[in-house]
Structure formats: C-alpha cells, structure tokens
Amino acid sequence: MYTAIINGDPKTFETELGRLLMETISFNDAYENFYHGFVVGTLTNMHDYIIKSNREGGSDRCYLFIKSISKRGVAIVIKFKIAKNFDDLEKRADDALKQIQDKGYDMELRSGGYKNIIRYGISFCEKDCYVKLEENPYVRF
C-alpha cells in the first residue's frame, strides 16, 4: 500500500485499504474521525516519510499530509469524506479533491519547498472506500 500511495496508484491504494477495512472494522465504526485515525494508524510504518495529521492548511485544516524527508521527494495531501451510500462514493471522493483545491490545503507543502505534490480524495461507506487521485500534469512519478 505504501508504494502505491507514493507512486500515485489509487487503484492499488484503494484495494489494499479496502482489504484492511473488511478485515478489521465494524459497521458501527463508520464515522469520519474513525476512518481518519484508521488511515493514520495504517501509515505509521512509512519509513523515510513524515506523517502529519489534522494540519492547518490554507483556509481550513487538512486531514493528512505525508511528505518525504527530502523536499525533492513526494508530498501527499489526503482529505476524507463519508458517503451515505455506495453510489455516492465517487462523488464524495471528488468533493474531497475539490476541497483540497478550494481551501489550499497544499499551501504549507508548496511554501515548504515541495514541488511534487500528490492529492488524494478518499471516501468511505461502511467497510468500503473509494480512492481518487487528482489529475495533475505537474506531478512527476
């Protein structure tokens, strides 16, 4: 999963995250702050990367930053959304990406010198998820 996140591979990221959700959580855990903590917990072993949770960015707070120790490496912004049903998963992931852009969540990373920034919108519905990568011609993989 870590390699998929860094390489901008949303399908593998989604598959692996979905597998973890199916194996571990309860339907009773379906709250945005639970998913946030769950994802942060799954990323704790990303060596050579700094994980920052609930960072202020732009005009709001972003849920998750992942950044390489070197500013020449990749930096990642992740925003989570909850979908009320499975049919809304893709739309809610789109909403998350739009919020990243509208609120300027990547400003801290850009002002910190990162140029290779990946943006993910992730939506959750019960034990399912949808991971969408922002299409950005300036990101190099």
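Biologist: Is F124 buried or exposed?

Modeller: This is a predicted model: local features need pLDDT of at least 70, side-chain atom pairs need 80 or more, and totals for chains, interfaces and linings use all residues. Residues are numbered from 1 along each chain as its sequence is written, and side-chain values use heavy atoms, without hydrogens or water. Buried means under 20% relative accessible area, exposed over 50%, and partly exposed in between (1.4 Å probe, protein chains only). F124 has 1% relative accessibility, so F124 counts as buried.

Biologist: How many aromatic pairs does a search of the whole structure find?

Modeller: Rings of Phe, Tyr and Trp (its six-membered ring) pair if their centres lie within 6.5 Å. Searching the whole structure on that basis, the number of aromatic pairs is 5.

Biologist: What kind of pair do F34 and Y35 form?

Modeller: Planes under 30 degrees apart count as stacked, over 60 as edge-to-face, and the rest as tilted. Here the centres are 5.9 Å apart and the planes stand at 70 degrees, so the pair is edge-to-face.

Biologist: What kind of pair do F80 and F124 form?

Modeller: A pair of aromatic rings is described by the distance of the centres and the angle of the planes. For F80 and F124, the centres are 5.8 Å apart and the planes at 50 degrees, so the pair is tilted.

Biologist: How many residues apart in sequence are the parts that F80 and F124 tie together?

Modeller: Strands (E, at least two residues) and helices (H or I, at least four) are DSSP runs, numbered from the N terminus. F80 lies in strand β3 (residues 74–82) and F124 in strand β4 (residues 116–125). The pair therefore ties together parts whose separation in residues is 44.

Biologist: Which residues of helix α3 are buried, and what arc do they cover?

Modeller: In α3 (residues 32–42), the buried residues are Y35, H36, F38, V39 and T42. They lie on the same side of α3, because their arc around the axis is only 165 degrees. That arc is taken over the directions from the helix axis to the C-beta atoms. Its value for α3 is 165 degrees.

Biologist: How far does helix α4 reach from its first C-alpha to its last?

Modeller: The expected span is 1.5 Å times one less than the number of residues. Helix α4 (residues 89–103) has 15 residues, for which 21 Å is expected. Its reach is close to that, at 21 Å.

Biologist: Which residues are exposed on the other side of α4?

Modeller: L89, A93, A96, L97, Q99 and I100 are buried in α4. Their arc is only 155 degrees, which puts them on the same side of α4. On the other side, the exposed residues are Q101 and D102.
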